[in-house]
Amino acid sequence: MRRRRPASDRETGGVRNTPTRISPLFLALLAVTVLGGVLATSDNRALIITGVVLLVLGGWATSLCLHEFGHAVAALRGGDREVREKGYLTLDPRRYTDPVLSLLLPILFVLIGGIPLPGGAVWINHAALRSKRDEANVSLAGPAMNLLLGIGLTASVATIEMPLGLAAGLSYLAFLQVIAFVLNILPVPGLDGYGAIEPWLSPKARHFGEQARPWAPLGIVLILFVIPGASYVFFNGADALFNAVGGSTRLYGYGNLYFRFWE
């Protein structure tokens, strides 16, 4: 997700003029993901399960950073130079607002098998963006990153011969990316799909969106779990897109079994 107001020094860790080199914390997340992939190639079921869990959780945390990085890069290209100073180009998860709400809570939802919630947020100086098209591109860049990750993961599974555990884990992670894309692209205040159309809305509609922004994403999650048939339609749409980008439902099913081993 992206946000409208500039971040304060407290929100950015009090650091301005932050370098753009990749954060060691992000590299640590990548290392956890790679370790999970290595363990998932084992012949031992316990190691496979451990590997898939690490692969999915590490990969999801990594994708949260890449999602926000996509917003930041689009904002930089659109004219907002402040994203560099705020450290958004370092892929450091600590830069993307509150670590509990932005990282731990989305990971927890994935762990319990729920909707993969959008993670952090970058604070965009919209006044610095050159056009409405730039504003829309900033919003769309995050979900686009999830979709590209999903396509890349499914392509690797389809083209590279690999052990079942690794293929299953990557397929499950790819499906999460597709779900994140479908969820984020909804034209609901607070989600990126709404941000893409917001620049062209009337002032009255934009005011309503600002009022609904803090609560609308939670409302979407409640609708998916409370209204009969809503989750069926949502997940069927995500499943159709997953298949369209080359995903394997069979391998995703195995990945789900490994990841949620306690069920």
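**Salt bridges, a charged patch and a buried glutamine**

Q: How many salt bridges does the structure hold?
A: The structure holds 4 salt bridges, and it should be kept in mind that this is a predicted model.

Q: Which residues are linked in a network of salt bridges?
A: The network of salt bridges links E198, E210 and R213. Within this group, the side chains of E198 and R213 meet at 3.0 Å, N to O, and this pair connects distant parts of the chain, with the two residues standing 15 residues apart. R213 also forms a salt bridge with E210, where the closest N and O atoms are 2.8 Å apart.

Q: And where in the chain are E198 and R213?
A: E198 is in the loop between helix 7 (192–197) and helix 8 (203–212), while R213 is in the loop between helix 8 and helix 9 (216–226).

Q: Is E198 buried or exposed?
A: E198 counts as buried, because its relative accessibility is 1%, and buried means under 20%. R213 also counts as buried, at 12% relative accessibility, whereas E210 counts as partly exposed because its value is 32%.

Q: What about R94, which residue does its side chain meet in a salt bridge?
A: The side chain of R94 meets that of D92 in a salt bridge, at 2.7 Å from N to O. R94 counts as exposed, with 55% relative accessibility, whereas D92 counts as buried, with 5% relative accessibility.

Q: Switching to the surface, which residues form the positive patch?
A: The positive surface patch is formed by R77, R81, R84 and R130.

Q: Where is R130 found?
A: R130 is found in the loop between strand 2 (122–123) and helix 5 (132–159).

Q: Why does R130 count as exposed?
A: R130 counts as exposed because its relative accessibility is 56%, and exposed means over 50%.

Q: Now Q177, where is its place?
A: Q177 has its place in helix 6, which covers residues 164–184.

Q: Buried or exposed, that one?
A: Q177 counts as buried, because its relative accessibility is 1%.

Q: So what is Q177 in contact with, leaving aside neighbours within four places in sequence?
A: With those neighbours left aside, Q177 is in contact with G59, W60 and S63, and also with N146, L149, G150 and L153.

Key:
Residues are numbered from 1 along each chain as its sequence is written. This is a predicted model: local features need pLDDT of at least 70, side-chain atom pairs count only at pLDDT 80 or more; totals for chains, interfaces and linings use all residues. Side-chain values use heavy atoms; hydrogens and water are left out. Patches are made of residues with over 30% relative accessible area and no salt bridge: like charges are joined within 9 Å, nonpolar side chains (Val, Leu, Ile, Met, Phe, Trp, Tyr) within 5 Å. Accessible areas come from the Shrake-Rupley method with a 1.4 Å probe; for residues, only the protein chains shown count as cover. Lys and Arg count as positive and Asp and Glu as negative; His and the chain ends are not counted. The place of a charge is taken as NZ of Lys, CZ of Arg, CG of Asp or CD of Glu. Helices (H or I, at least four residues) and strands (E, at least two) are DSSP runs, numbered from the N terminus. Buried means under 20% relative accessible area, exposed over 50%, partly exposed in between (1.4 Å probe, protein chains only). Contact means heavy atoms within 4.5 Å.
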